[in-house]
2 protein chains.
Amino acid sequence: MSNAHFPSRVTLVEVGPRDGLQNEARPVATQAKIELIGRLQAAGLTEIEVTSFVSPRWVPQMADNTQVMAGLPRQAGVRYAVLTPNLKGFEAALATRPDEIVVFGAASEAFSQKNINCSISESIERFAMVCDSARKAGIKVRGAISCALGCPYEGEVAPERVGWVASLMKDIGVQHVGVADTIGVGTPRKVQAALAAALQHFPLHEVSGHFHDTYGQALANIYASLELGVHTFDTSISGLGGCPYAKGATGNVATEDVVYLLEGMGITTGIDLPRLVQAGEYIRGVLGQANGSRVARALIGQRG
Amino acid sequence: MSNAHFPSRVTLVEVGPRDGLQNEARPVATQAKIELIGRLQAAGLTEIEVTSFVSPRWVPQMADNTQVMAGLPRQAGVRYAVLTPNLKGFEAALATRPDEIVVFGAASEAFSQKNINCSISESIERFAMVCDSARKAGIKVRGAISCALGCPYEGEVAPERVGWVASLMKDIGVQHVGVADTIGVGTPRKVQAALAAALQHFPLHEVSGHFHDTYGQALANIYASLELGVHTFDTSISGLGGCPYAKGATGNVATEDVVYLLEGMGITTGIDLPRLVQAGEYIRGVLGQANGSRVARALIGQRG
């Protein structure tokens, strides 16, 4: 048996409405997004990444950010997060009363340049202003470190880079870091090294894993993260969100698949799997797509 | 980091030509099977489950067993295995010179009855005759313990049942046992418990894992198996083979995805991933199907 001390409880941060739907070519009606969020929290999810406040020229899928936030079926005990890459986005978001905001950095210099048009250091300066404003408004700031395991332009990324970006984020007052394998190239021991680098700067309960399933490695990577005691993971309902760097490939790990793993290990999530599967079926129905969760396909196939 | 001592080398047993193609509704030409086997060994696979010697009334997909064995592109260092459920099958197989034979039992009484029409104890008696004949012919016998983690009729299966079947197989002279999660319901700690039960009767190098990816758990289960030192796994090129118990669900774990995991962990497999991906593309082309390997889809999508 493994000698690891697995956490007894894990928190999943549902990123489907934001990270997932942002990658869908097809626009989704505001009301469908709100309905999805309602179904996700009814299934037991307590942290939901709702939308992002970026220019609709860059991300037209999130142009209805204010309307989605206004229509949120707010429920006690559920935290609603939004992405705010800069001060302008933060100010627009503030009026919609998010519980948390997310700033989105990278561990790869090339990705930072191509994705947000500035160097890593410049992005941190930009985030510092957002952090200051968030602190004054009493809003928690999460920092995402994208390309923490590999970059579509630079290839493999060293754990030291992840540690460096985590330290920069710590310095500007970011309260939580997410180690994100944006292109899904990571494998368990590399993931443990990347997380360990972040854990040098943040406590266990303020480090999360965000794993794409592009190469099918996400659940193995989550299991390896649990061995370090990491107990917060981003997941996406029905695996919403593809991979812009490999056509036809899978994107975010499916929430359903992670819940199945954790339940099978006797780890509490507070999530009702059948209701979760129904939420995934709802949004895939809206999109007219097959479900990307293997657990959902297996459970639905049994009934069918 | 994990305290486990991971093996430095892993052997993959390619079961696509048999376990995979047996589950395909569409018949595959004998020549295409032979071509596939040639491509698999060219990619570096050294153990291949070729076909089964069962009644063509039950498994018409394997009716060309003698022809496939006759046409094998035999290569030094590669072992060719065939399934022989009974003495009649073994005698037919013997003439085709397999390196190994496989007998197929179950850890679930209900599955044994429904799948091979006899109790577990009766199946062992039947296998005992096969083992005796194989010993005389100098052929190694592998025993598969299907439904080792769960059964479509009985639900969860206790590790003690796996240990019991392993002990029965040991008693009749089976030399290697495969712990098979036939319906893919297992999760890492349960898989470790099932393997540990088998390891009470067989040494580490004679216990293998066979995990279906129906619920997406296969790679996490393989990682957990590696933590026990288990270093032999059955895998199926491009994920060939569905799940007869859940329509539309995934079957065998894809060889490509396992090779990617192992390479990423610095574990030697002797397999050339690009050639492996091409072998998978070949057989999916023959079947006119999308590739079931996430690694293959990601690598092909990058090029495309």
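# Close-up views of a predicted model

**View 1. Contacts of A:Ser236.** In this predicted model, A:Ser236 touches A:Glu14, A:Val15, A:Gly16, A:Gly20, A:Asn252, A:Val253, A:Ala254, A:Thr255 and A:Glu256, leaving aside residues up to four places away in sequence. A:Ser236 sits in the loop between β10 and α10 (255–264) of chain A. Is A:Ser236 buried or exposed? It counts as buried, because its relative accessibility is 0%.

**View 2. Strand β10 of chain A.** This strand covers residues 232–235. A:Thr232 and A:Asp234 point one way, while A:Phe233 and A:Thr235 point the other way. All four residues are buried. In a regular strand, side chains alternate between the two faces of the sheet.

**View 3. Partners of β10(A).** Strand β1 (residues 11–14) of chain A pairs with β10(A) in the parallel sense, over four bridges. Here A:Val13 has A:Asp234 as its bridge partner. Strand β9 (residues 207–211) of chain A also pairs with β10(A) in the parallel sense, over two bridges. There the partner of A:Gly209 is A:Phe233.

**View 4. A salt bridge at A:Asp234.** Side chains of opposite charge can pair when their charged atoms come close. A:Asp234 forms a salt bridge with A:Arg142, with the closest N and O atoms 3.7 Å apart. This pair links distant parts of the chain: A:Asp234 lies in strand β10 and A:Arg142 in strand β5 (residues 140–146) of chain A, 92 residues apart. A:Asp234 is buried, because its relative accessible area is 8%. A:Arg142 is buried too, at 7%. Both belong to a network of salt bridges that also links A:Arg18, A:Asp19, A:Glu49, A:Arg79 and A:Glu100.

View 5. A:Glu35 and A:Arg39 form a salt bridge, and their closest N and O atoms are 2.7 Å apart. How far apart are A:Glu35 and A:Arg39 in helix α2 (residues 30–42)? They are four residues apart, so about one helical turn separates them. A:Glu35 is partly exposed, at 33% relative accessibility. A:Arg39 is partly exposed as well, with a relative accessible area of 32%.

**View 6. Two helices of chain B.** B:Arg161 forms a salt bridge with B:Glu109, the closest N and O atoms lying 3.7 Å apart. B:Arg161 is in helix α7 (residues 159–171) and B:Glu109 in helix α5 (residues 109–116) of chain B, 52 residues apart. B:Arg161 is partly exposed, at 29% relative accessibility. B:Glu109 is partly exposed, at 26%.

Note on methods
Residues are numbered from 1 along each chain as its sequence is written. Chains are lettered from A and ligands numbered from 1 in the order in which they are written. This is a predicted model: local features need pLDDT of at least 70, side-chain atom pairs count only at pLDDT 80 or more; totals for chains, interfaces and linings use all residues. Side-chain values use heavy atoms; hydrogens and water are left out. Buried means under 20% relative accessible area, exposed over 50%, partly exposed in between (1.4 Å probe, protein chains only). Two strands pair if DSSP finds at least two bridges between them. Contact means heavy atoms within 4.5 Å. A salt bridge is a side-chain nitrogen of Lys or Arg within 4 Å of a carboxyl oxygen of Asp or Glu.
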